[in-house]
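I opened the notebook to record what I looked up in this model. The entries follow in the order I made them.

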Amino acid sequence: MKSIEYNKSKDEIEGYEDLGTLGRTDKIRSHALVIMVRGLYNNWKFPLSYYLTGSGIKGDNLAIIVKESVQKLFDLGLTPVAIVCDQGTQNRRMFSLLGGTIKKPFTEICDRKLFLVYDMPHLIKSLRNNLLTH
């Protein structure tokens, strides 16, 4: 929900886009980007971080945020093996910036190989929508 308010304890106005280390802007936030972590062999998940954005996030900034997130996971003692997302424009741009291609569907962050994977339910939904439309 778009709104701004004064936080007395922090002595700052909240409600503007905040991308963590990438800084704040004067856009009023209306979206949230959440970086989720999920177990590969055990059924657990948790939100690692969230970013409040004005109207989504650009692939360039997303690539930086993902690299920072992967570094934090290694710092916590976890070993990420894949980055999973839907095939939105910003996510495809991020995969491209991370060096992912059809022939090389992985990247290296912190000297570790991470696979770049599109979320299967979104792929099936897109296939269905394209079959119905075309």
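Where is Asp111 found? I found Asp111 in the loop between β8 and β9. Helices (H or I, at least four residues) and strands (E, at least two) are DSSP runs, numbered from the N terminus.

**Ground rules.** I noted that this is a predicted model, in which local features need pLDDT of at least 70, side-chain atom pairs count only at pLDDT 80 or more, and totals for chains, interfaces and linings use all residues. Residues are numbered from 1 along each chain as its sequence is written, and side-chain values use heavy atoms, with hydrogens and water left out.

**The β8–β9 loop.** I looked up the backbone of Asp111 and read a positive phi of about 60°, although Asp111 is not a glycine. Cys110 is found in the loop between β8 (106-109) and β9 (112-118). Cys110 also has a positive phi of about 60° and is not a glycine. For exposure I used relative accessible area: buried means under 20%, exposed over 50%, and partly exposed in between (1.4 Å probe, protein chains only). Asp111 is exposed at 73%, and Cys110 is partly exposed at 33%.

**Rings.** I counted rings of Phe, Tyr and Trp (its six-membered ring) as a pair if their centres lie within 6.5 Å; planes under 30 degrees apart are stacked, over 60 edge-to-face, and the rest tilted. By this rule I got three aromatic pairs. One of them is Trp44 with Phe46: the centres are 5.7 Å apart and the planes at 15°, so the pair is stacked. Trp44 is partly exposed at 33% relative accessibility, Phe46 is partly exposed at 28%, and Phe115 is partly exposed at 40%.

**Charges over Phe106.** A charge sits over a ring if NZ of Lys or CZ of Arg is within 6 Å of the ring centre and within 35 degrees of the ring normal. The charged end of Lys113 sits over the ring of Phe106, 4.3 Å from its centre. The charged end of Lys104 sits over the ring of Phe106 as well, 5.3 Å from its centre.

**Largest pocket.** I took a pocket as an open set of points on a 1 Å grid over the protein atoms alone, where a 1.4 Å probe fits, with protein on both sides within 12 Å along at least five of seven lines; lining residues have an atom within 4 Å of a point. The largest pocket has a volume of about 1,100 Å³. Of its 37 lining residues, the closest to the centre are Met36, Val37, Ala82, Ile83 and Val84. I listed β5 (31-38), β6 (45-53), α1 (59-75), β7 (82-85) and α2 (89-97) as each supplying at least two lining residues. The largest share, eight residues, comes from β5.

**Ser30.** Ser30 is in the loop between β4 (24-28) and β5. Ser30 is partly exposed, at 27% relative accessibility.

**Helix α3.** Is α3 largely in the open or buried? Of its 14 residues the number buried is zero, so α3 lies largely in the open. I also checked the length of α3 (residues 120-133): at 1.5 Å a residue it should span 20 Å, and its end C-alpha atoms are 20 Å apart, which agrees.

**Record.** An unreviewed UniProt entry lists residues 2-99 as "domain: Transposable element P transposase-like RNase H". Over residues 2-99 I read 27% helix and 36% strand, with the end C-alpha atoms 35 Å apart.

Note on methods. UniProt positions are given in the numbering used here, feature names are shortened, and annotations may be inferred rather than shown by experiment. The expected span of a helix is 1.5 Å times one less than its number of residues. Grid points are joined across faces, edges and corners, and a volume is the space filled by probe spheres set on the points.
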